[in-house]
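Okay, everyone, thanks for coming.

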Amino acid sequence: MREKAVERRNVNKEHNSNFKAGYIPIDEERLHKTGLRGRKGNLAICVIILLFILAVINLIITLVIWAVIRIGPNGCDSMEFHETGLLRFKQVSDMGVIRPLYKSTVGGRRNENLVITGNNQPIVFQQGTTKLSVEKNKTSITSDIGMQFFDPRTQNILFSTDYETHEFHLPSGVKSLNVQKASTERITSNATSDLNIKVDGRAIVRGNEGVFIMGKTIEFHMAGNMELKAENSIILNGTVMVNTTRLPSSSSGDQFGSGDWVRYKLCVCADGTLFKVPVTGQNMGCQISDNPCGNTH
């Protein structure tokens, strides 16, 4: 007992005299510094700068929306939103591309015109492959599936390209139709007007079962050549007149037998059959050994 009491007394005496127990040396320069330091401080500065940039961008977008839509204390001054999904523009709007939703309608007020203006650019309405382009000098409509115009009040069809159901007619007031290629069974005109087909270059009229041209008077005016081709025969029924003022001719007769010129004479039978005879001399007729007219010359 006495030894344990002496040992406890010595331990308490040593502990009370040890002033360095639990002591940790601290740098005096960092003793009074608090907060984020090092990489944490740099990261905090980057986050603050990013938030500032986002705030500036948000302010610019807000100012643009306020200037364009014109939002004021009484609401929006340039457009109205209705519960039916109608979006109404109350002032002149400047827009580039409008993409309506499925089965949408673009229209004006009942007693006012809908004015759409393009600043030196065409106005284009497009739905799929169908496109309506309104330009300064022309209006064009292109479609791969056809088109149809009808009166919205009476639902009467004014113009349609559905040739199987409706016969193709030009709308009232349209005098000419400009196409590059047309496939149809027949082309006719009114009884009181002429049918004129004009081309700038070359016109090709082709029929799978033949081409029939009928009219009171048929005239062909060409700047170049006219070529008639048929697998079986070409029939000209009626009075045929050829203006020879523009046909090539030779003033001298010594070129008939030369190799530079190959000339033919156009002959006609009593039944209207046409055939050609090579010209080998002056004042020669149509009598040849192989005459297609038979006994009738």
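**Two crossed pairs**

So, counting bonded cysteines along the chain, the disulfides follow the pattern 1-3, 2-4. A disulfide here is a pair of cysteine sulfur atoms within 2.5 Å, and that rule gives 2 of them.

Quick background: this is a predicted model, where local features need pLDDT of at least 70, side-chain atom pairs count only at pLDDT 80 or more, and totals for chains, interfaces and linings use all residues. Residues are numbered from 1 along each chain as its sequence is written, and side-chain values use heavy atoms, with hydrogens and water left out.

Okay, Cys267 is joined to Cys286, S to S 1.9 Å. The torsion about that S-S bond is about -85 degrees, so this disulfide is left-handed. Is Cys267 buried or exposed? Buried means under 20% relative accessible area, exposed over 50%, partly exposed in between, with a 1.4 Å probe and protein chains only. Cys267 comes out buried, at 3%, while Cys286 is partly exposed at 26%.

Then there's Cys269 with Cys293, S to S 1.5 Å. Here the torsion is about -80 degrees, so this one is left-handed too. Cys269 is buried at 7%, and Cys293 is buried at 16%.

Now, which residues make up the largest nonpolar core? They're Cys267, Cys269, Phe275, Val277 and Cys293, 5 residues in all. By nonpolar core I mean buried Ala, Val, Leu, Ile, Met, Phe, Trp, Tyr and Cys residues joined through side-chain atoms within 4.5 Å.
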